[in-house]
Amino acid sequence: MYTSINEIQKIVDYIEVNFDREITAHEIESMSHYSYRNFQRVFFKIFNETISGFQKRLRLENAYKKLIYTEDKLSEIAWQVGYFNIQSFSKAFKKQYSISPVEARKQKQDIFKTFIESSSANVNFEIKYKDAISVYCKFIKAKDYNNQDINALWKEIEPEDEIFEAAFGIILDQPLITSRSHCRYGAAVTYEHLLKGFLKKEIFGRKYVMFTHYGAYENILETYRSFYRFWLEEQQLLLDNSEVIEEYFYSEDGALTTHIYFPLYE
């Protein structure tokens, strides 16, 4: 039976793709090959929430991202995340976040205020299209995207004497919106050999705004702060609510460079 988030990630991906509709017990059973009741028990043990609770949270978190990243109308956002009318969407949103969708959009500066207040707005960026590629992933829950859990994951999958030709981090959640205990991180590589238990996944395949972090990963939050300040104050870029991708490079002297790709709204 499943024991970790990585082992059920294929089903989690399916739920995420279809978060805007009710997923039946039959669908879950067909994918997991276990009874819905047994799978629900395992899911709760890993995520500390039910499948329906997870799906509802995804709906509202994606709605929140759309409210602050895009200029879509509230009625369009409600429909996009699976609510048939704006009244039921507004009621559920306010119950979750204690503010209305209208207030959330107006107060988007406040969401980032504490996070970016110590940062400058100087950041270089590039708009570029990235072709889709297939990678092999392992996922964990990383509370508030802490470096300790993420480093431990990479140490587990990356041999000491070998650095993968291409390595990526998949940031599935927005920690300023998602409860920090629910944040999920994926380590992804293009090298298939001996990666037992890894999930094959396609990433990229769209247009991104790319910015770059130089040096140790422990300081990467400062680069994120600079980007968000820049985005809020200087540049009217519309972002998408899908995953953020980090691409890792090592120079010959071992220095680390990280390209960070935020998906642009299309």
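A charge is taken to sit over a ring when NZ of Lys or CZ of Arg is within 6 Å of the ring centre and within 35 degrees of the ring normal. In this predicted model, Lys130 lies over the face of Phe204, at 4.8 Å from the ring centre. Arg59 is placed over the face of Tyr83, at 5.9 Å from the ring centre.

**Nonpolar core**
- The largest nonpolar core has 87 residues, of which Tyr185, Tyr224, Tyr228 and Phe262 touch the most other members.
- Helix 4 (residues 51-69) supplies the largest share of this core, nine residues.
- Domain 1 (5-104) and domain 2 (125-263) each contribute at least three residues to this core.
- Beyond its neighbours within four places in sequence, Tyr228 contacts Tyr69, Phe112, Phe115, Ile116, Gln174 and Phe262.

**Helix 1**
- Buried residues in helix 1 (residues 9-17) are Gln9, Ile11, Val12, Asp13, Ile15 and Glu16.
- The elements covering these buried residues include helix 2 (25-32), helix 3 (36-47), helix 4 and strand 2 (133-141).

**Aromatic pairs**
- The structure contains 27 aromatic pairs.
- Phe93 and Tyr97 form a tilted pair, because their ring centres are 4.9 Å apart and their planes stand at 50°.
- These two residues are four apart in helix 6 (residues 86-97), so about one helical turn separates Phe93 from Tyr97.
- Phe93 counts as buried at 0% relative accessibility, and Tyr97 counts as buried at 17%.
- Tyr208 and Tyr261 pair edge-to-face, 5.8 Å centre to centre with 80° between the planes.
- Tyr208 lies in strand 6 (residues 206-214) and Tyr261 in strand 8 (residues 256-263), so their pair ties together parts 53 residues apart in sequence.
- Tyr208 and Tyr261 are both buried.

Definitions and conventions:
Residues numbered from 1 in each chain as written. Predicted model: local features only at pLDDT ≥ 70, side-chain atom pairs only at ≥ 80, totals over all residues. Heavy atoms only, no water. Core = buried A, V, L, I, M, F, W, Y, C linked by side-chain atoms within 4.5 Å. Buried < 20%, exposed > 50% of the residue type's maximum accessible area, 1.4 Å probe, protein only. Domains from an automatic or database assignment. Contact = heavy atoms within 4.5 Å. Phe/Tyr/Trp six-rings, centres within 6.5 Å; stacked < 30°, edge-to-face > 60°.
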